[in-house]
Amino acid sequence: MENSLISRLKHLIQKYKFNEKILIIPDFNTGHQILQDLSRKSSGWINFKTATVEFLASYIAEEKLLKDKIEKISSIESNFLIDGIFTELSEVGRLKYFKKYIINTGIIVAITDIIIELKMSAVTPTDLKKEGFIDPKKAEDIKLIFSRYEDTLREKRLVDTANIIAAACKILEDSSAQDRSIKYIVLSRYPNTSLEKEFIKKISGNDLIIITEEKIHGLLIPKNRWTENDKDSVETLSNTARSGWLFDVENAPPPVRDNTIELFSGASCQNEINELFGRITAEKIPIDKVEIIYTNSDPYLISIYNTCRKLGVAADFSEGLPGDMSLPGMALKGLLLWIEDDFAEIHLRKLLKHSLIKIPGSSGPKLAHKLRTSKIGWGRNRYSLILNKEIAALKEKIKENNEERHKKQLEIFKALSGITKKLIEMVPPVGNSGKVDFSRLCSACLKFLSDFVTARDEEGAAYLSNLKQRLEVLARITEGTIALEEASRKLLEVISRLPFKRSGPRPGRLYISSLLTGGRSGRENTFIVGMDSHRFPGTQSQDSILLDEERQKISSDIRLSRDRLKDRLYDFTSMLAGLRGRVIVSYGTYDIVDDRQMFPSSAYLQIYRLREGDVAIDYQKLLSSLGRPSGPGSSNIIDETGWWMNKLTGKGSLKDAKQSILNIYPPLKQGYKAIMERSGSELSTYDGFIDPEGSELDPRENSSLVLSCSAIETYAGNPYAFFLEYILKARRPEEIKRDPLIWLDAAQRGSLLHEVFRLFTKKIKDDPEMPGREKQREIINEILDGVLKKYAEEVPVPGNAVYGHEVEVLRRDLEIFLDINSKLSQPHLLEYGFGYGGKEPVEISIGKDSHIHVAGKIDRVDIDSDGNYHVWDYKTGSAYSYNDSDYIVGGRQFQHILYAKVIEKIIGKECKVARCGYILPTEKGRGSGKGCIFERDPGQHERWQEALGCILDLMAGGLFIISEEENPLYIDDTDIYGTKELKKSIKNKINTSGSELLIKWKRLRDYK
């Protein structure tokens, strides 16, 4: 069955068979659909075209524009010009009403829309009078911005759409050679501004053909539409054909029981979409016989797109998708975020990891991994600094051993260096004020797209070409510097606003459209989604710039804010009335994002009333008729998840769904087993118990297991962390994490202080005469300055203020160190290492004829006047874990005694370690009030040997559980240190299980 439009067009084809006929439509996509539908439902036609007002005006004005060398710009470029004008006027204090902020995107878009709307209503700056505005300052600001915009267009030899239409009107006025044989046709459904109407009247020469499609009853025709004399109602052969009476149900023809209108609800937006696809699948409807119309793109557009991708359904989108979903869009977005975030490597890493940029001869993921572990962090200058160091170091290694792995690494770092060098060179510098030349940034983006981005399909290529064109224009027409963040946000907006995958309906593909563009495909099945009261018709509000009171005083042709909801209902009804075939209307009953219940819109209720022919139906009866919203367990299954949900919640529920699922998915079964055994009462493999073969995990028997003090202390704190790091050799990739308030983390700060202490103590040790305090201060601060310079290269500085503060604290720490150092004996060994760097580990006795091999680095060994040795370890954190009465603290403090035994073994029988312990030479260490030196008695053999034996027994027995104790405040890694639930489970086993290993683990905590 055809609608009124097709019937009227068929009549015009016959009446004006040999005349050229031009149908004026809002966009070519719509025109193409109308002509496609017409060709399916007629015997053919000739001399029939579609065109937009802008296209016709551009055609008429083209010769003049070329002659005068004038360039056309889009609304995107208009927005940028007005933004520049707004910023300039604001900075010189010309604006009295509007304010300039760092990011003004919203207000600039609103002002741009107002100026374009005024121009399309034939309003000029001189038409804006103070008396017409509530606040005269607003009138002055808008008039000033508007005037400057017009002046800028003239100066730069640019025109926008309104200028082109006005110029075409002038040409038509002056021309008497207009071809009057051409028949121009407009549709009453679509709005036209007063300027567009003036042009259409001039080009049609009072011979305009107006087609009113299905007549709309009960609603006023919006004032910006074309009208013709009243026409007879169409013959109603289906319920859909009665839709013109949607808001006049009592006067509508009687309902037709043909099932052409259906309604349903979904438990959520996604359930609504799932049900829609489920019906298409269940009824075996060809996808190219379906059009889906959404009332609001958020969240429906992306939800439909993702569902199509998941199901492998080819689809066309009338308004396209956001441009940042395209590969070129994602690539340029990544570049801009990289630049905006001070070249933080994580953004470039993502570009490489996901192969968004082309890298000849190299693997993006491999480059991304090396970039992550390079410790570049962020900063424009750090890439060349760090990568050149890596390249130089690899070249030296290749000279020494010529290993193939080093050669491969060198090639990767060279590729990284080349890519980053080229990228950084193309980006314009950011001034001290944080501003960047916007035109140059646009040119940089253009070069990036040309040199680094390749489209993978035809749609991506079309988007890439469009994006390049926009950037080329912006680079030409913009000037001046703006804040980098603002510049980045503007370009990100351009990327998103340019449509990707925009297309009309094609054979073999689903078609998705909006309310504005929908209903023209002529397809037999139309689904309308998002018909809840929140999304349709929406809420009524005043324009943020121009109030209705002000609009009325400026011009009667300007659309009023209060009319927009009425217009939207009229447009919806017009669209609905033009549909033929089957119409399925739906809404989601719950908004997951906003966590709120959703209700059907008034239009949804009207559709039900119209279908039933009963104007008295209320919401309660509507909801009752809909039944339970479609959700998990729906009988219309579209994928594996839906199948499972149906089996679990549907009528024929599985008797033992859990076992069925576990049998089908072995990894899930193993995970479930882990959960059950962890929650049980006995120690299991999933708690961290390994049944070792022989003595492979016993360092006393297996000499290849070399322990460090850190390893032993790690085990005592969390055996699972020990297992990962020292048994499996598994570590997280090293990377620098950015904190705007911190330069050096605790480990980096500790390493820096250790290096300063070593260099200072070495200098003093080698000096035969101890210098005075002032000279010591001078020496140690000079050393600190040198070490700081090196660390500033290795760890990016977040800002001068943060750097200055941390340096000040470090200098105060050094004062404390000098105080403590003056009380210590003569340094003998500094950062003495063993078991690393080619040095053999040291075998020490741990009692009961047992020995272990130890590796480590001793911070400081002193020798007193009696020839006794003192072994010290620096700690740069707080004194929270240190007390004079403690010795090994449940196995978490072993350095003092094990290092003492190492020194005795290395030096020999004549060596006597008289003192050992920990020095905390920082403000943080002294802040506890406990003092800065925590001395331990090296002679208490039983105290440490029994505790160490306990740890080694646990290792040998295969116990590598997560510690039951609460994680330290500085640890948030629950993958390694355990969740609260896991700790609770293991604590219960420790307290109740009869496991000898767990009993021994509990006993370890008693060693103080």
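Let's start at Pro 299, which sits in helix 10, residues 297–311. Helices here are DSSP runs of H or I with at least four residues, strands are E runs of at least two, and both are numbered from the N terminus. The peptide bond leading from Asp 298 into Pro 299 is cis, with omega near 10 degrees.

Before going on, a word about what we are looking at. This is a predicted model, where local features need pLDDT of at least 70, side-chain atom pairs count only at pLDDT 80 or more, and totals for chains, interfaces and linings use all residues. Residues are numbered from 1 along each chain as its sequence is written, and side-chain values use heavy atoms, with hydrogens and water left out.

Back to the backbone. Phe 536 and Pro 537 are also joined by a cis peptide bond, with omega about 0 degrees. Pro 537 lies in a loop, between strand 13 (525–529) and helix 19 (548–554).

Next, two residues with positive phi. Arg 157, not a glycine, has a phi of about 55 degrees, and its place is the loop between helix 6 (136–155) and strand 4 (158–159). Phe 343, also a residue other than glycine, has phi near 60 degrees; find Phe 343 in the loop between helix 11 (327–340) and helix 12 (345–353).

Is Phe 343 buried or exposed? Phe 343 counts as buried, at 4% relative accessibility. Arg 157 is partly exposed, with a relative accessible area of 43%. The cut-offs are under 20% relative accessible area for buried, over 50% for exposed, and partly exposed in between, using a 1.4 Å probe and protein chains only. Of the 1008 residues of the protein, 50% count as buried.

Now zoom out. The protein has 36 helices and 23 strands. Its radius of gyration is 39 Å, well over the 30 Å that the globule rule gives for 1008 residues, so the protein is more spread out than a compact globule. That radius is taken over C-alpha atoms, and the rule is 2.2 Å times the number of residues to the power 0.38. The C-alpha atoms fill a box of roughly 120 × 75 × 60 Å, along the principal axes.

Last, contacts, meaning heavy atoms within 4.5 Å. Among contacts between residues at least 6 apart in sequence, 75% join residues at least 24 apart.
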